[in-house]
Amino acid sequence: MLRYIATRFAVWIPSVLLVMLGVYALAYFGAGDPIKLIFLRAPGDVAYNPERIEAIRESAGLNRPFLVQFGSYIWNLLHGNFGNSLTSGRSVWAMISAAAPVSFKLALCSILLTAVVAIPLGLIAALKQNTRTDYAILGSALFLWAIPAYVAGPMLMVLLIMVIPGSNVPYGWGGIFDVRILLPLFVLSFQPIALIVRQTRAAVIEVLSEDFVRTARAKGVPEMIVALRHILRPVLTPVVTQLGLIMITIVNGAIFVELVFGLPGLGRLTVQALTNTDYPVILAITLIGSFLVMISNLLVDVLYPLLDPRANDTRRSR
Amino acid sequence: MTVVPMATTDIKEEPPVSLWRDAWFRLRRNRLAVFGLGVVVLLAFTALFGPYLTPFDFLSQNLDARNMPPSLTHLFGTDDLGRDVFSRVIFGTRTAFLVAIVVTAIAVVIGVTLGALAGFFGGWLDRVVMWLTDMTMSIPNLLLVVVINASLKSPISSWMESRYLATLNPFYRETIWVDFLLVFGSMALISWPPYARLVRAQVLSIRSRPYITAAQALGLTNRIILMRYVVPNALGPLIVAVSAGLGTAMVLESAFSFLGVGVNPPTPSWGNMISDGLRVWQHYPHLLAAPAAVLGLASVAFSFLGDGLNDALNPRGAK
């Protein structure tokens, strides 16, 4: 087991480095001269003074080869140094550590909500396959999957104000126990819930035809116990493997949800950085987002043999 | 089913039901899928002929009638420049379909080629392709687009500008091509991995099926095996993926416009209209509601259709 985890980890690290290299290269070759980018915003005419530019380039180490610069960027990352923002001059690490808790709390709540809501719904839909209940659940899941967060968010806000007259617009951040969190949390969870409902339903339908379910029913085990003990346990495995995909939908959704509901998280930071073409911030957030997804995938890889002892390390379900 | 004595029946030779006919029958029984198909056909018709049917020009401004609520003259009201929102939504259908079709086509070509090569040849090629798809899929796709756009937009625009100054060819002045190139290109670059993965899995599983071995044992040529057995069996899931992908691409385009990296105004696109509407939705909710509802409808329709096609083309429920 330890050996399996070690192998997975050993394969994982180069993948992370390569994703970082790809993202870094895009920013490096696309962004243009960083010194000009910085000093174009500054007063004075440094940007048009070639000698001073060369001097700064020398002192900042920007005349070194690409790979050396990439290496030192990674080295700085490991020491918690993400560079400075082009617009505000603040350290990117400070900006991110101020914003990240908001996003992380939201994401965790969203994953919890998804698990609590979606798995039972998927189970019910599959047990009542091809009935009205099933169609209703499946139809709503497809509907939720298709509605973008930036459409659902404002629409629900309008609805809320119309239904409860005098209620305030849920705008801003007051921690996860604040009532304003509810609407953004639901909107953020729509897509993950839809994903897991469909996944659970498909997995349950597959398990229903297994011999052990038939045996359990034949010997008179109550339907409730069959559903919880015999069906749900093998179903959880394929559902857990969706964690990486859920992470992607949450990271994507957070961009819109945070903007619409005015939450000071990483998503809003992304949009601000994009409007200001603030490369260090964009780069750092992209790396963090990819890292989250990849660490979820690694977690799935490590958990998989624990959940399904039949799986050896060549089999990796997606 | 009733048991019929074999000896006394004349077995009527019915014409064989083809795969597609069979799938069509199954699709028609699925009410959600029929609804989806209806909406998709209606939208496609609108995209083709809509601009000739609109009551107003999508660009004509009427500054005396700004931000009007929906009425009989202006079904969806007017926007901040007095333009008819209904006409703009209709014209936006064309943009949406253009983006969806072009992006999906590019993504399918890349994905199918890579996936088929990987599945067919295996070995190191397979490993490289799969690793590439894994990499692309582990970067959250909106962030990847943000990076691509932030990095490529300014070099391409400045290159176009220098070409224009050097040649004075008006072609280089049309920044709209840069926009489309960037939007289409970056969307296709993040959309191909699912297709590659799907086709590879299909090719791998079909190659080892007994009916392929049987066909080979019968001495059929590779071409016939490919055309009659491999292609139809791999096509079903691909059609499902494409149908769902078209809807996803439409949503993606609007997400880009929302972030300010999509198709540029004044070309009407649903995403543009939504992001404009978001700024004023407290005062003029119809400016947000109209394009958002149409986008939602289109996306839901494609997703219902894709799901119905999935059940119709893969009857064994292999999801």
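Domain bounds here come from an automatic or database domain assignment. On that basis, chain A is divided into domain 1 (1-81) and domain 2 (93-316). The model is predicted, so local features need pLDDT of at least 70 and side-chain atom pairs count only at pLDDT 80 or more, while totals for chains, interfaces and linings use all residues. Residues are numbered from 1 along each chain as its sequence is written, and chains are lettered from A and ligands numbered from 1 in the order in which they are written.

**Stop 1: the two domains of chain A**

Colour the two domains of chain A separately. Where they meet, 15 residues of domain 1 are in contact with 14 residues of domain 2; contact requires C-beta atoms, placed from the backbone, to lie within 7 Å. The domain 1 side of this contact has 10 nonpolar, four polar and one charged residues. In this classification Ala, Val, Leu, Ile, Met, Phe, Trp, Tyr, Cys and Pro are nonpolar, Asp, Glu, Lys and Arg are charged, and the others, Gly among them, are polar.

Next select residues 211-218 of chain A, which form helix α9. Helices (H or I, at least four residues) and strands (E, at least two) are DSSP runs, numbered from the N terminus. Of the eight residues in α9(A), the number buried is zero, so this helix lies largely in the open. A residue is buried if 20 or more other C-beta atoms lie within 10 Å of its own, exposed if 12 or fewer, and partly exposed in between, with C-beta atoms placed from the backbone. After α9(A) comes G220(A), with a positive phi near 90°.

**Stop 2: chain B as a whole**

Switch to chain B, which has 10 helices and zero strands. Of its 319 residues, 44% are buried. Among contacts in chain B with a separation of 6 or more, 69% join residues 24 or more positions apart.

UniProt, in an unreviewed entry, places the feature "transmembrane region" at several stretches of chain B, including 96-121 and 284-305; the positions are in the numbering used here, feature names are shortened, and annotations may be inferred rather than shown by experiment. Select 96-121 of chain B: the stretch is 100% helix, with end C-alpha atoms 37 Å apart. Residues 284-305 of chain B are 95% helix, and their end C-alpha atoms are 33 Å apart.

**Stop 3: V203(B)**

V203(B) is in helix α6 (residues 175-207) of chain B. Is V203(B) buried or exposed? V203(B) is buried, with 20 other C-beta atoms within 10 Å. Leaving out residues up to four places away in sequence, V203(B) touches A116(B), G119(B), F120(B) and A234(B). A118(B) is 85 residues from V203(B) in sequence, yet their C-alpha atoms are 9.0 Å apart.

**Stop 4: where the chains meet**

Show both chains. The contact takes 38 residues from chain B and 44 residues from chain A. On the chain B side, α5(B) gives the most, with 11 residues. By class, that side has 25 nonpolar, 11 polar and two charged residues.

**Stop 5: the largest nonpolar core**

A nonpolar core is a set of buried Ala, Val, Leu, Ile, Met, Phe, Trp, Tyr and Cys residues joined through C-beta atoms within 7 Å. The largest has 153 residues, and I282(A) and I274(B) have the most contacts inside it. Helix α10 (residues 285-313) of chain B gives the most to this core, with 16 residues. Domain 1 and domain 2 of chain A both give residues to the core, so it lies between them.

Finish on I274(B), which touches residues of both chains, among them Y150(A), V151(A), F258(B) and L295(B), not counting residues up to four places away in sequence.
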